[in-house]
Amino acid sequence: MCLAREQTDFLLTRAFNAAVSAGAKIYEIYTSYDDFGVSLKADSTPITIADRQAHSIIAKRLAQTRIPILSEEGRDILYEERQNWDLFWLVDPLDGTRQFIERTGEFTINIALIADNKPLLGVIYHPCSDTVYLSDPDRGAFSKVGVRVSQTTEYTVNEIFRDARKLPLHNEQGGRSARLLLSRVRESNVAHDFIENVRTDHPDLQVLEYGSSLKLCLLAEGSADYYIRTTQTMEWDTAAGEAIMRGAGVRICDLHGNDLQYNKEKLENPPFLCKCSR
Ligand SMILES: Nc1ncnc2c1ncn2[C@@H]1O[C@H](COP(=O)(O)O)[C@@H](OP(=O)(O)O)[C@H]1O
Ligand SMILES: [Mg+2]
């Protein structure tokens with residue numbers, strides 16, 4: 001599907017403001033509530049009032065685009081209905097819910113536009129650093145710092161790109177050691193064997209653990225070189241990050257080198273690898 005520049009500008013602006021607005025609600029809850037109302041979902045992952053409220057803010061804002069929405073917190077749409085969608089929003093209203101609960105600050109809001117089952121544009125907001133990562137097919141990937149939480153945010157497309165920094169920020173490793181990222185979830189032997197392989201080429205390899213899609217943003221920035229993930233993730237965990245990494249020249253693929261697929265009947269991702277080849 002080919003969208004005109006005015007259409008992608010309009011949709012990127014909607015996604016940006018929806019992410020910042022949801023981030024403001026999440027941040028308010030993060031900084032002022034003692035009880036996050038934690039419960040467990042059917043897949044045994046936690047959910048809080050912040051996930052629910054962020055979902056409803058994003059769903060309300062994106063409804064104005066009249067494009068269907070598949071969200072982590074609104075996932076019960078039958079495959080028979082969504083399999084024919086050629087354009088839809090794929091949303092993780094609060095990625096890194098465990099990190100949110102543990103108050104590490106490593107949580108993000110993720111919105112991707114999927115066209116023909118591939119991420120076309122993506123927005124990731126990290127409210128604890130006032131940073132938005134974004135990409136669109138015409139301009140590539142950017143980060144924008146200084147985006148303060150605001151529930152009534154209404155950035156225009158010009159305001160979004162004013163002072164935004166093109167990704168990657170660093171084109172070379174610049175003398176630092178190679179960096180490999182992992183989830184804070186305990187990884188498998190497959191991942192640890194991969195790390196040992198990388199270490200043969202990079203004896204000074206640093207292995208760093210982060211929660212949420214921040215890992216994908218660090219790769220897009222050029223601040224890290226590898227990310228391997230063999231424990232479970234879902235399509236909404238990678239969609240916006242994939243769009244942003246692609247805009248910055250970083251590929252994500254399964255362990256056989258194939259692209260990830262979106263809008264599958266089962267929304268789980270296979271184990272995957274991101275490798276920076278700059
Ligand atoms: N047992 C499980 N079942 C389904 N998804 C899981 C899972 N354990 C982790 N995840 C996915 O991994 C994500 C967290 O990744 P990371 O470890 O990189 O922070 C979670 O995002 P949410 O926090 O949005 O639920 C969730 O989607
Ligand atoms: Mg998630």
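Q: Which residue is the bridge partner of V123 in strand 7?
A: The bridge partner of V123 in strand 7 is L134. Strand 6 and strand 7 pair in the antiparallel sense over 5 bridges, where two strands pair if DSSP finds at least two bridges between them, and where helices (H or I, at least four residues) and strands (E, at least two) are DSSP runs, numbered from the N terminus.

Q: Before we go on, what sort of model is this, and how are things numbered?
A: This is a predicted model, in which local features need pLDDT of at least 70 and side-chain atom pairs count only at pLDDT 80 or more, while totals for chains, interfaces and linings use all residues. Residues are numbered from 1 along each chain as its sequence is written, and chains are lettered from A and ligands numbered from 1 in the order in which they are written.

Q: OK, back to the strands: what order do they take in the open sheet?
A: The open sheet is formed by 7 strands in the order 3-4-5-6-7-8-9, with mixed pairing. Strand 3 (69-71) and strand 9 (165-166) stand at the edges with a single partner strand each, so one side of each is left without a neighbour in the sheet.

Q: And which strands pair with strand 12?
A: Strand 10 (residues 179-182) runs parallel to strand 12 and is joined to it by 2 bridges, whereas strand 14 (residues 272-275) pairs with strand 12 in the antiparallel sense over 4 bridges. Y226 in strand 12 is the bridge partner of L180, and Y226 also stands opposite K275 in strand 14.

Q: Are the faces of strand 12 (residues 226-229) covered or open?
A: Both faces are covered, with Y226 and I228 on one side, Y227 and R229 on the other, and all of them buried; a residue is buried if 20 or more other C-beta atoms lie within 10 Å of its own, exposed if 12 or fewer, and partly exposed in between, with C-beta atoms placed from the backbone.

Q: Switching topic, how is the protein divided into domains?
A: The division is into domain 1 (5-166) and domain 2 (179-275), with bounds that come from an automatic or database domain assignment. The C-alpha centres of domain 1 and domain 2 lie 20 Å apart.

Q: How many residues of each are in contact?
A: On the domain 1 side, 36 residues are in contact with 25 residues of domain 2, taking two residues as in contact if their C-beta atoms, placed from the backbone, lie within 7 Å. Strand 6 gives the most to the side of domain 1 that touches domain 2, with 8 residues. The residues of that side divide into 16 nonpolar, 12 polar and 8 charged, where Ala, Val, Leu, Ile, Met, Phe, Trp, Tyr, Cys and Pro count as nonpolar, Asp, Glu, Lys and Arg as charged, and the others, Gly among them, as polar.

Q: Where does ligand 1 lie relative to the domains, and why?
A: Ligand 1 lies between domain 1 (5-166) and domain 2 (179-275), because both give residues to the shell around it.

Q: What's in that shell around ligand 1?
A: Ligand 1 is surrounded by 17 residues, of which the closest are D95, T97, S183, G211 and Q232, a residue being near a molecule or strand if its C-beta atom, placed from the backbone, lies within 6 Å of it. By class, the shell around ligand 1 has 2 nonpolar, 9 polar and 6 charged residues.

Q: Which residues does the UniProt "binding site" annotation cover?
A: In the unreviewed UniProt entry, the "binding site" annotation covers E72, D92, L94, D95 and D237. Although these are spread over 166 residues of sequence, they cluster in space, with a largest C-alpha distance of 9.7 Å. UniProt positions are given in the numbering used here, feature names are shortened, and annotations may be inferred rather than shown by experiment.

Q: Where's D92, and what does it touch?
A: D92 lies in strand 4 and is buried, with 30 other C-beta atoms within 10 Å. Not counting residues up to four places away in sequence, D92 touches E72, N110, W236 and D237.

Q: And D237?
A: D237 is in helix 8 (residues 235-247) and counts as buried, with 25 C-beta neighbours inside 10 Å. Leaving aside its neighbours within four places in sequence, D237 is in contact with D92, D95 and S213.
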